[in-house]
Amino acid sequence: MPYADLMVGTKAPPSLLYMVKQVELVVRSHLDELVKPAGITALQYTSLTVLERHDGLSAAQLARDSFVTAQSIADLVRSLENRGLVRRERNPRNRRELLILLTDEGRELLAQVADQVRDLEERMIRDLTAHQADQFRKALSKAWHALS
């Protein structure tokens, strides 16, 4: 039976955009609570994980990959740098550019919260089969690429 026929006499389901935003907000709330004891925010955690995967980014690239504005990244990096979690150094190929690098302390902090973050992700997908979780990851990636 077509989806539209199933919806006769019922309210339309929420839009996918609304549902994605709901998931993002609840994940961020849980992540904020999870990393709070480590003295960082979910946004700072995201930036640290970006650097863990791609160390040595410019502020502009880190902002894009961390989903924050270029204006906000300056304060975020300064705060992380003051905590000793990141450091900045000149780009050897472009002396005017500063690269942001994860420090050993930053890596240690990520390692300290890794199990809890993994548990949060597993809670999010616990009612999915392994195949569904894989398809979910692929669908999210395709959706992101379609809009990027």
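Mentor: Gladly. A pocket here is an open set of grid points with protein on both sides within 12 Å along at least five of seven lines. Keep in mind that this is a predicted model.

Trainee: What volume does the largest pocket have, and which residues lie nearest its centre?

Mentor: The largest pocket holds about 2300 Å³ of space. Its lining has 44 residues, with Glu24, Val27, Phe67, Met124 and Leu140 nearest the centre. Two or more lining residues come from each of α2 (16-35), α3 (42-53), α4 (59-66), α6 (104-125) and α7 (130-147).

Trainee: Which element gives the largest share of that lining?

Mentor: That is α2, with eleven residues. By class, the lining of the largest pocket has 25 nonpolar, seven polar and twelve charged residues.

Trainee: Why are α2 and α6 called roughly antiparallel?

Mentor: Start with the value: the two helices pack at an angle of about 155°. Angles over 145 degrees count as roughly antiparallel, and therefore α2 and α6 get that label. Their axes are 11 Å apart, and the crossing is right-handed.

Trainee: What makes up the contact between α2 and α6?

Mentor: From α2 come Val23, Val27, His30, Leu31 and Leu34. The α6 side supplies Val113, Gln116, Val117, Leu120, Arg123 and Met124.

Trainee: How do the residues of this contact divide by class?

Mentor: Eight are nonpolar, two polar and one charged. Arg counts as charged, so Arg123 of α6 is the charged one.

Conventions:
Residues are numbered from 1 along each chain as its sequence is written. This is a predicted model: local features need pLDDT of at least 70, side-chain atom pairs count only at pLDDT 80 or more; totals for chains, interfaces and linings use all residues. Side-chain values use heavy atoms; hydrogens and water are left out. On a 1 Å grid over the protein atoms alone, a cavity is a set of points where a 1.4 Å probe fits but cannot get out, and a pocket is an open set with protein on both sides within 12 Å along at least five of seven lines; lining residues have an atom within 4 Å of a point. Grid points are joined across faces, edges and corners, and a volume is the space filled by probe spheres set on the points. Helices (H or I, at least four residues) and strands (E, at least two) are DSSP runs, numbered from the N terminus. Axes are lines fitted to C-alpha atoms, for helices over the stretch in contact, and angles run from 0 to 180 degrees between N-to-C directions. Angles under 35 degrees count as roughly parallel, over 145 as roughly antiparallel, 65 to 115 as roughly perpendicular and the rest as oblique. A crossing is left-handed if the near helix is turned anticlockwise from the far one by less than a right angle, and right-handed if clockwise. Contact means heavy atoms within 4.5 Å.
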